[in-house]
Amino acid sequence: MKLIVLYRPNSEFARGVEQYVREFHDRTGKDIELLNIDTPDGISKMKLYDVLDHPTFLALDNSGSLLQKWSGNPLPLINELSAYGEVK
């Protein structure tokens, strides 16, 4: 499983998202991939998973199928995401 957060690095939410990702890793040992929504990869992920808001957290299975999606603020609880993702 894989966790991705689609966000805009130069927005009012960027610092909170980046702190959340660090804290999530510190508490769970799992990583969340940060993906800028203004890059070609970010744009394609937004279209593929029907993302209309940012930040949006995606939990994907190994084949890329969407398992769960959390959009906007407040950010999801770390416990909600901890069941997803790979330990690195």
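Modeller: Accessible areas are computed by the Shrake-Rupley method with a 1.4 Å probe, and for residues only the protein chains shown count as cover. On that basis the protein chain has an accessible surface of about 5200 Å², with 49% of it belonging to carbon and sulfur atoms. The model is predicted, so local features need pLDDT of at least 70 and side-chain atom pairs pLDDT 80 or more, while totals for chains, interfaces and linings use all residues. Residues are numbered from 1 along each chain as its sequence is written, and side-chain values use heavy atoms, with hydrogens and water left out.

The protein chain contains 3 helices and 4 strands (DSSP runs, H or I of at least four residues for helices and E of at least two for strands, numbered from the N terminus). Their order from the N terminus is β-α-β-α-β-β-α. Of its 88 residues, 39% are buried (under 20% relative accessible area, with exposed meaning over 50% and partly exposed the range in between).

The protein chain carries 10 positive and 13 negative side chains, and the centres of these two sets are 1 Å apart (Lys and Arg are positive, Asp and Glu negative, with His and the chain ends not counted; each charge is placed at NZ of Lys, CZ of Arg, CG of Asp or CD of Glu). The whole structure holds 4 salt bridges (a side-chain nitrogen of Lys or Arg within 4 Å of a carboxyl oxygen of Asp or Glu).

One of them joins K2 to E33, at 3.0 Å from N to O. This pair connects distant parts of the chain, as K2 belongs to strand β1 (residues 2-7) and E33, 31 residues away, to strand β2 (residues 33-36). Both partners are partly exposed, K2 with a relative accessible area of 38% and E33 with 28%.

A further salt bridge brings D38 and R8 together at 2.9 Å, N to O. Because D38 sits in the loop between β2 and α2 (40-48) and R8 in the loop between β1 and α1 (14-28), the bridge ties together parts that are 30 residues apart in sequence. D38 is partly exposed at 45% relative accessible area, and R8 is likewise partly exposed at 30%.

K45 counts as buried because its relative accessibility is 19%, whereas D41, at 35%, counts as partly exposed.

Notes. Buried < 20%, exposed > 50% of the residue type's maximum accessible area, 1.4 Å probe, protein only.
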